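Biologist: Could you walk me through the aromatic residues and the helix packing here? Please state your criteria as you go.

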Amino acid sequence: MRNSTSDSSKEPLIYFRNPDTTTEENKIKKTNWTSRMLFKTFPMRETRRATAQRKSQGPTAEEVTQWAQSLDNLLSCKYGIIALRLFMKSEHCEENMEFWLACEKFRKIRSRSKLRSRAKTIYEEFVRADSPKEINLDFHTKESLHQSLLIPTESSFKAAQSRVYFLIEHNSYPRFLDSELYHQLCRIAAGEQ
């Protein structure tokens, strides 16, 4: 248990459940953890004059509203990706987002040697049984990926990436839109916090 007099900047950003506290206290602690991560990731907007002098540091209210329209809108914005990753990390399913992002980078590689090396790395990290960040793929998709490691192409991971996108779109994304994190981002972007 942490010492209450410790420096808050050195607090670990891990939520530990204390069985001696009530559910409401646990909810407050979890919200505080999320808020700390949120404000470290998306700094508060400065005064209007200071903001006008330089580019803003967070998503605009319009961007945050567009995130609710489609997962594509959310993934096309760097702040949207950060927010969704933060949410998925809090739900212990960040490997899906990490895999999707790794596939996006992989599709842009043009060198054959880099393709082969990166394909093997992605396979070992996310696809192989008992890998550290194993994602949920069916047997046929995994087998197809294993075969494509011999001569990988930019589209080697396309089917697997589509499957993971589907999982994010139908599981994590709706929960993200209902989350306190998203609602806090809406308030921050609107200047209400």
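Modeller: Phe99, Phe106, Phe126 and Phe157 form one aromatic cluster. Rings of Phe, Tyr and Trp (its six-membered ring) are paired if their centres lie within 6.5 Å; planes under 30 degrees apart are stacked, over 60 edge-to-face, and the rest tilted. This is a predicted model, in which local features need pLDDT of at least 70 and side-chain atom pairs count only at pLDDT 80 or more, while totals for chains, interfaces and linings use all residues. Residues are numbered from 1 along each chain as its sequence is written, and side-chain values use heavy atoms, with hydrogens and water left out.

Biologist: How many aromatic pairs does a search of the whole structure find?

Modeller: The search finds 5 aromatic pairs. One of them joins Phe99 and Phe157 edge-to-face, at 6.2 Å centre to centre with 75 degrees between the planes.

Biologist: And which parts does that pair tie together?

Modeller: Phe99 lies in helix H6 (residues 94–107) and Phe157 in the loop between helix H8 (139–148) and helix H9 (158–178), so the pair links parts 58 residues apart in sequence. Helices here are DSSP runs (H or I, at least four residues), numbered from the N terminus.

Biologist: Is Phe157 buried or exposed?

Modeller: Phe157 is buried, at 2% relative accessibility. Buried means under 20% relative accessible area, exposed over 50%, and partly exposed in between (1.4 Å probe, protein chains only). Phe99 is also buried, at 0%.

Biologist: What about Phe106 and Phe157?

Modeller: Their ring centres are 5.1 Å apart and their planes stand at 85 degrees, so this pair is edge-to-face. Phe106 is in helix H6 and Phe157 in the loop between H8 and H9, so the pair connects parts 51 residues apart in sequence. Phe106 is buried, with a relative accessible area of 0%.

Biologist: Switching to helices, how do the axes of H6 and H9 cross?

Modeller: The axes come within 10 Å and cross at roughly 140 degrees. Axes are lines fitted to C-alpha atoms, for helices over the stretch in contact, with angles from 0 to 180 degrees between N-to-C directions.

Biologist: Which residues meet there?

Modeller: With contact meaning heavy atoms within 4.5 Å, Asn96, Met97, Phe99, Trp100, Cys103, Glu104 and Arg107 in H6 meet Ala160, Gln161, Val164, Tyr165 and Ile168 in H9.

Biologist: Last topic: where does Ser117 lie?

Modeller: Ser117 is in helix H7 (residues 112–127) and is partly exposed, with a relative accessible area of 47%. Its C-alpha atom is separated by 9.4 Å from that of Pro152, 35 residues apart along the chain.

Notes: Helix = DSSP H or I, 4+ residues; strand = E, 2+ residues; numbered from the N terminus.
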